[in-house]
Amino acid sequence: MGHHQAGSRHVAAMVCVVAGAACGGDTSGPDNGSPPPEPLAVETVVTGLDDPVHLTAPPGDERLFVVEQPGRIRIIEGGQLRTEPFLDISDQVRSGGEQGLLSVAFHPDYAANGRFVVDYTDLNGDTRIEEYSVSGDPNVADPASARLILSVPQPYANHNGGLVVFGPDGYLWIGMGDGGSAGDPLGHGQDSTTLLGSLLRIDVDGGDPYAIPPDNPFAGGGGAPEVWAYGLRNPWRYSFDASTGRLYIADVGQNAWEEVHLAPAAVAGLNYGWNILEGSHCFNASSCDTAGLELPVLEYSHDRGCSITGGHVYRGSALDGVRGHYFYGDYCDGWIASFRYDGAEAVDHTEYDFGLSRILSFGRDAAGELYVLTGSGAVYRLVPEG
């Protein structure tokens, strides 16, 4: 399966744990105590991909599905990259920079209904959320099955968000950035009536093209009914830890701070602070009113990197010493780090020096094992060191 790259060390003065972060959660469950972080390595799975930006798998499926930014979804099966794409919509995708085909989400009942959802930038530069179905060949999607779920106009070419995920509640969650430029000049982050700068939550099974879950915070008015949370700059990657019911959001910062937010997934209507705050710090102001804003559970300055790439809480079986740890990395500096949330704060910080660069995304297979995707076109799996 390729070579190993190894090395892990404890972080020193790398992150700031934000005191008093309103993150919720309890201290019961599988993550109590402080097990020593496990020395890890990365094992090459495949190379030769074209800007792999997302990796996932349908429930119970041993294959890996990798999204290539120019507009293709590829399958890794038995450690080999299949030649024929699962889906190729490159003629519909504007790709480059922060635009492109950005993610895929398989329906929880994919084995029975064959349905999946993609998030991409169309030729006009706008976000499109579309549903497709698999064809009679399990390794090839039916391009004619495309159904538009949601289209969101984008005022600029950056801060598209881009991740679609079916949450533990069975609803489709959609991460939307603030629409771009710098500093959120259009004020989308603090505007709950727009879909930009928000985490959306919709029911693709309950209506055509979707229904609004009745417990969405603005289902009855006061904001866009699709919005679950707002105050986000560019939540490129977020994830659910089904074992604890917590939602982790890695929000890409502006010029100074990168941040990770953590909240119970069932708590609606949270305001994550952008553009009043960047991380836990007042943005372009000497003071600001932080009342009602959610502070990050962890942040790091641009002395340590430039753009956070969010990952997942590890729940697999191969890496016992880091079970319950949340993994993330920095696109520019190439390091990967983890922490464990103990119900009150982030603890057990560890940095892993794998010698990688341009970390585009993390992935998780159906068994809960973790993968790293890089701008070199490679997919790596986290494995025990040695």
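Two strands are counted as paired if DSSP finds at least two bridges between them, and the strands themselves are DSSP runs of E at least two residues long, numbered from the N terminus, just as helices are runs of H or I of at least four residues. The structure described here is a predicted model, in which local features need pLDDT of at least 70 and side-chain atom pairs count only at pLDDT 80 or more, while totals for chains, interfaces and linings use all residues. Residues are numbered from 1 along each chain as its sequence is written, and side-chain values use heavy atoms, with hydrogens and water left out.

With these terms in hand, consider the sheet in which Ser198 stands opposite Tyr230 of strand 17. Strand 16, residues 198-202, is joined to strand 17 by three bridges, and the two run antiparallel. They belong to an open sheet of four strands, ordered 14-15-16-17 and paired in antiparallel fashion. Its edges are formed by strand 14 (164-166) and strand 17 (227-230), each of which pairs on one side only. From one strand to the next the twist averages 20 degrees, where axes are lines fitted to C-alpha atoms, for helices over the stretch in contact, and angles run from 0 to 180 degrees between N-to-C directions.

Another open sheet of four strands has the order 10-11-12-13, again with antiparallel pairing. Because strand 10 (101-106) and strand 13 (141-152) stand at the edges with a single partner strand each, one side of each is left without a neighbour in the sheet. Neighbouring strands here are turned against each other by 25 degrees on average, direction ignored. Five bridges connect strand 10 with the antiparallel strand 11, residues 115-121, and Val104 faces Val118 in strand 11.
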